[in-house]
Amino acid sequence: MGCASEHASRPWLEESDPSGERDTTGKDQGVLSEKRPARTAKQETMKCKICKEKFEAKFSSFQKTCNSVDCMVAWGQKVKDKAYKSETRQMKKASREQDKSYWIKKAQTEFNRWIRERDKGLPCISCGRIHQGQIHAGHYKSVGAHPELRFNELNCHAQCSPCNNNLSGNIINYRINLLQKIGIDAVEWLEGPHLPQKYTIDQLKKLVGKYKVE
Ligand SMILES: [Zn+2]
Ligand SMILES: [Zn+2]
């Protein structure tokens, strides 16, 4: 039957075996081919992963493709590509874990969403309009100039997009309405000096969790 030589090189078996077990029984089956048990119904209805044709496995019960070499080679490549993709994905994830700017961005996204949720239905903090358009989370002290206040709830309020984008925050009116909303002490505190704030990745992850809106 030529089984011994066929067993010598079967790279597709090692990579396509989902159970992670090597086909240790294959050799025995080869030697004891006469005693090989009758194929189960499942084996008989196996479909080739590549050409989708039904096939009867000739080499192993772990065989994923029909007995055509082209299908076997194509399947081997597919398995390799998949492993490569998963490895790159894991590497990306691992490097992202250590990337502080990634976590700052993520925490800011969650924080801003939380602010919009908190201020739902409130008028724009600057122009006082309740309008149908996009609502932004507008920082009173800008994130660029005052990064230490980027996650401060007193410093961020719902704002219409014209005020946020076109009027540089419409800050004079922002202040007038902010005084009404949070009081002079809080506004003056925001305007006062602040120590620079350095976040660890761990702190940023906690902020992501804290502000995540379900
Ligand atoms: Zn096939
Ligand atoms: Zn506005």
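**A tour from the chain to its core**

The chain contains ten helices and two strands, these being DSSP runs numbered from the N terminus, with H or I over at least four residues for helices and E over at least two for strands. The model is predicted: local features need pLDDT of at least 70, side-chain atom pairs count only at pLDDT 80 or more, and totals for chains, interfaces and linings use all residues. Residues are numbered from 1 along each chain as its sequence is written, while chains are lettered from A and ligands numbered from 1 in the order in which they are written.

Next, select α6 and α10. Their axes, which are lines fitted to C-alpha atoms over the stretch in contact, come within 8 Å and cross at roughly 25 degrees. The two helices are therefore roughly parallel, a class for angles under 35 degrees between N-to-C directions, on a scale from 0 to 180. Display the side chains at this contact (C-beta atoms, placed from the backbone, within 7 Å): K100, W103, I104, K106, A107, E110, F111 and W114 in α6 meet I201, L204, K205, L207, V208 and Y211 in α10.

Then select A107, F111, I115, C124, I125, A158 and L207, which touch the most other members of the 19-residue largest nonpolar core. Such a core joins buried Ala, Val, Leu, Ile, Met, Phe, Trp, Tyr and Cys residues through C-beta atoms within 7 Å; buried requires 20 or more other C-beta atoms within 10 Å of a residue's own. Helix α6 supplies the largest share of this core, four residues.

Finally, centre on C124, whose contacts include R129, A158 and C163.

Technical notes
Buried ≥ 20, exposed ≤ 12 C-beta atoms within 10 Å, placed from the backbone. Contact = placed C-beta atoms within 7 Å. Parallel < 35°, antiparallel > 145°, perpendicular 65-115°, else oblique. Lists of a residue's contacts leave out its neighbours within four places in sequence.
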